[in-house]
Amino acid sequence: MSQTIELAQTGKRDHLTALEKKYQAQWAEQRLFEVNAPSPSDIQGLSKAEIREKFPKWFGNFPYPYMNGSLHMGHAFTISKIEFTAGYQRMIGKRVLFPHGFHVTGMPIKASADKIIREIELFGPDFENYERVQAEIIQKAEEEEKAAEAASDPASVDKSKAKKGKVAAKSTGHTYQFQIMESIGVPRAEIKKFADPLHWLVYFPPIAINDHNAFGSRIDWRRRFLTTKANPYYDAFVRWQVNKLHNLGKIKFGERYTIYSPKDGQPCMDHDRQDGEGVGPQEYTAIKAEVVEWSPSAKAVIESKAAGRKVFLVAATLRPETMYGQTNCFVGPSLKYGIFAVNDKEAYLCTYRAARNMAFQGITSQRGEIIQLTEIEGSKIIGTKIKAPFSINPEVYVLPMDNVLPTKGTGVVTSVPSDSPDDFQTLMDLRKKAEYYKIDPSWAALDPVPLISTPAYGDLIAPAVVKQLKIQSQKDTKQLAEAKDIAYKEGFYNGTMLVGEFKGQSVQEAKPKVRASMIEQGLAFAYAEPEGLVISRSADECVVALMDQWYLDYGEPVWRAQVEKLQARMELYGTETRNAFQKTLAWLNQWACARTYGLGSDLPWDPQFLVESLSDSTIYMAYYTVAQLLHENSIDGTKPGPLGITPEQMTDEVWEYIFADGPWPSSEPLHKEKADALKHEFEYFYPFDIRSSGRDLINNHLTFALYNHVAIFPEDKWPLSMRTNGHLMLNGTKMSKSTGNFLTLRDAVQKFGADATRLALADAGDGVEDANFDEKNANANILRVHTLLGWCEAGEVMKDEGNLRRGQRNYHDDVFEHEINELITITKKHYDALEFKDALKYGFYELQSARDWYREVTADVGMHSDLVQYWIKTSALMAAPVAPHFAEHIWSDVLKNPKSIQLAQWPDIAKPVDRSVIEAGQYMRGTIKMIRDAETALLKMLGKNKGKGNKSGAPPFDPKQPKSVRIYVATSFPEWQDSCVQIIKDSYSEEADKVDDAKVRTLLTERGLIKDKHAMPFIQAFKKRMAQFGAQTAFRRTLPFSESNVLHEILPYLKRTLNLVDAEILSVEEARAKEGEPGYTKSIIDTSEPGNPAFEYRNM
């Protein structure tokens, strides 16, 4: 079981946490994160473009969290993308709006409150009788289970019925709601208060606010609000929204399929589900196969129970056009089936699950009523003769099929072996082993019927595909799935009907016509069920219901085209997100927007319904812009804002005037100047610049937001960008309460402190793939930040005490300054691109590496005071978006700046970065490493050759004796390399920015280099350099600095760090002039190239 880590020592963490609380209090006292639009007088006479230029703004938001618990690290990860960006955008001079609301609409809170009511009735007001009552419940369940096992064959039990209970407890491992409440820190004595749904609304939001503040979030809390009627201002806002959509014809009423909870008596939309988010209705054609003659086993069970009704086996199919080719029908021999009364004249044989769905689709005489006449095992139905509607074979037999699933369709499967690989292979297996399967061979005697002609597979698709994939048995499930996909696509897209009244038509044309004809003749009916298992928040397994309901007409062609136009121009930060939006737009259609149970705002024109939770949360970002003026610092709107506006004054006409440039109402519900103040804030901050969310919300919430924005707002107020991320793993494993691998935001901040947590979140990842919060990294960040604080504080002390160098700068000072400036530039690019992992890499880790090198290389003369201070200032500023508390301490306490770092600007670069200086610095570090590696390689070689003697007669190198090194510097490349570069030049097209590889090979052959083993690897490496740095930079092979001069600058460091008595720098020409002398080895000298010197060690 994966568990979170425990900290052994907390002293450093406690020191950092004390600083964090100190600065959080200062920020709150100074109200640094409260932001308003420029005053009307400030922007008077300015155009919109001029306002944006003079008073730039940034408005970022994320999906408001649901208030049935504390924020966890998954929330924190998505929030951090906005939080870090908010910090950075402040630093580049923008008015930053980062607001936060609280979602309480929908079923989860109400369902949980109802559970607590039931549990209080069961266990007492403080659940004091839990142990005793639970023991009785378990004992009773065990007795019932034993009785059930004794009464039936365990192998025939429908295991799907056991899933619901498992799913109900899957999230936490807790059976009851009061246990869940205890697991999230609610004292048992307090839990009874949560029987009132409204108590949740006052309990959890303050916890979330406190957790955010402890995290250091830059949120304007004046704008906080609750959804639903709990806040009458927001309730009025939602009323305007849905009224406008209704008036525009975007909300319609009609009969349609929807996922439905019989227990709750209403549609169960995505946010109302405990399991199965994203699952929709799947519509089938239900084929009515009338029983002609029961098998003897079935007759004994059923005949007296049907009460004179005709009994039909009901098979659900997605391919009604193939019904002409039925040769038999399949059931699962180990499954349980029921005979269900549809009316006084007919009964259907299917699974209970299917009958439960049918009961809510107008198929049975009484809605929601399931009348089971009897139950029968599938094995007893085998051998029953039935009518096969539309089939060339009018009567067929029921046969066994092991692959029939109780969780899909009706449990009855029509068999069309000509076009279904599963059906064909099963039929072949039954013919081969009729005795094994206990069937009469004559029942499986009918051959596949040619129905559909295809170019690739002829008239019998299934047999051809089965043969092609070499499928041998119905147990070859993987290959059969592939075969099914091939057969379906070939038949549907390229097939032509060979039989029936639509003979000669394409399958695409014929399919809906065959279906309509069967239904019209009473041989079939429409049937639907969930695509997968859906469990409601009340632990009910959901069905598909056909019902009259209010729905948003998503997918309507004109509306969809508008959304596609918006999606195409938005910044989505990656092709994966854009592709996901495009896929969602392709399938998304009508969405039920009303229900009767839970919390929410009334549907204005039909108040028996409430607006569902994914429909009242699509444009609330606009509400943030005015919330502080309507109810400042009042989450539920009980305290009117500074304008003194009441909820009743916020009529639809007023909202339309503020948000959509509507006319000012003649009734004047409030003074127009007040409405203009609201409109002024909205016009300045909208549209929002970015919305950050988990990628799983693209399928619903994010796409809904686009649909609603294009319908409700003018085009200049449509969203500018959306960014998505994957789920957050914890310590490389999926977060799960039941395994103990779970962390709330509060727990993380208490365990690691805010900045260590924030740094680990920034390091977790930035793509749409799942990220990972590594607690070991967070723990290591405590030491990193604590050490860095200490160094910065000591750096200032050293400056004051005169321990740092002053005055004229040396070569290493210049390199260090340019490296700092280079990192400022690189880090800014990554913050601009919302690439926080890389921003941290360069603006935090690489910056410290540059300082470490500078400290080492200047150890003999000391660091320069001005540069130490410049580095400390820069490190604080570049870390501020991610680690603001550390940055604030350096900025305010160490550097003694009078204003908070939250008001500071991104660091300016005094002079442009000189690339030659940067490359010289990289060369220095690389050369030191190469010299160390050269000594290591030499020692390894000496070790291998020990005892073999020295052919030259010279004494071997002894690393324990005083040593020196010669560095050989080349000023030109080998001739063969120059020839290769010229060949690449001659083969390069500047217009196409491409090298003609065929021409390269031709020229290599012409110039006698084609057989040179060095040539092709060199050319490939050179082409990579062209791709990395550009063709012209690659062709310019001279170094931008003097190699010898740089080496002379690091000689003191080289001698000191490698314990050298001496170090010499010679050009290759100078060295070759001394070939033959002791210590000058030709093979070593010849390896030197510009930028890649050679090294030769010797004893003194």
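## A buried phenylalanine

Phe312 is buried, with a relative accessible area of 8%, where buried stands for under 20% relative accessible area, exposed for over 50% and partly exposed for the range in between (1.4 Å probe, protein chains only). The areas themselves come from the Shrake-Rupley method with a 1.4 Å probe, and for residues only the protein chains shown count as cover. Tyr348 likewise counts as buried, at 5% relative accessibility.

This is a predicted model, in which local features need pLDDT of at least 70 and side-chain atom pairs count only at pLDDT 80 or more, whereas totals for chains, interfaces and linings use all residues. Residues are numbered from 1 along each chain as its sequence is written, and side-chain values use heavy atoms, with hydrogens and water left out.

## Overall build

The protein has 1100 residues, of which 54% count as buried, and its C-alpha atoms fill a box of roughly 115 × 80 × 65 Å along the principal axes. Its secondary structure comes to 39 helices and 32 strands; helices (H or I, at least four residues) and strands (E, at least two) are DSSP runs numbered from the N terminus.

## Aromatic pairs

A pair of aromatic rings is described by the distance of the centres and the angle of the planes. The structure holds 74 aromatic pairs. The rings of Phe253 and Trp550 have centres 4.7 Å apart and planes at 55 degrees, so this pair is tilted. It links distant parts of the chain, with Phe253 in strand E3 (residues 251-261) and Trp550 in strand E19 (residues 543-552), 297 residues apart. Phe253 is partly exposed at a relative accessible area of 43%, whereas Trp550 counts as buried at 11% relative accessibility.

The rings of Phe312 and Tyr348 have centres 6.3 Å apart and planes at 85 degrees, so that pair is edge-to-face. Phe312 lies in strand E7 (residues 310-317) and Tyr348 in strand E10 (residues 346-350), so the pair ties together parts that are 36 residues apart in sequence. The criterion behind these labels is that rings of Phe, Tyr and Trp (its six-membered ring) pair if their centres lie within 6.5 Å, with planes under 30 degrees apart counted as stacked, over 60 as edge-to-face and the rest as tilted.

## Salt bridges

Side chains of opposite charge can pair when their charged atoms come close. The structure holds 63 salt bridges, each being a side-chain nitrogen of Lys or Arg within 4 Å of a carboxyl oxygen of Asp or Glu. Asp270 and Arg273 meet in one of them, at 3.1 Å from N to O, and both of these residues are buried. Lys385 and Glu395 form another, at 3.9 Å from N to O. This pair links distant parts of the chain, since Lys385 is in strand E12 (residues 385-387) and Glu395 in strand E13 (residues 395-400), ten residues apart. Glu395 is partly exposed, with a relative accessible area of 38%.

Asp832 counts as partly exposed at 39% relative accessibility, and Lys828 counts as partly exposed at 29%. Elsewhere, salt bridges that share partners join Arg31, Glu34, Asp220, Arg222, Arg223 and Glu681 into one network.

## A negative patch

Glu142, Glu143, Glu144 and Glu145 gather in a patch of negative charge on the surface. Patches consist of residues with over 30% relative accessible area and no salt bridge, like charges being joined within 9 Å and nonpolar side chains (Val, Leu, Ile, Met, Phe, Trp, Tyr) within 5 Å. Glu143 belongs to helix H6 (residues 130-151) and is partly exposed, with a relative accessible area of 49%.

Lys and Arg count as positive and Asp and Glu as negative, while His and the chain ends are not counted. The place of a charge is taken as NZ of Lys, CZ of Arg, CG of Asp or CD of Glu.

## Separations in sequence and space

Glu856 is found in helix H29 (residues 836-857) and counts as partly exposed at 40% relative accessibility. Glu856 and Leu603 are 253 residues apart in sequence and 70 Å apart in space, C-alpha to C-alpha.

Leu588 sits in the loop between helix H20 (575-587) and strand E20 (591-592), where Leu588 is buried with a relative accessible area of 3%. Leu588 and Glu564 are 24 residues apart in sequence and 12 Å apart in space, C-alpha to C-alpha.
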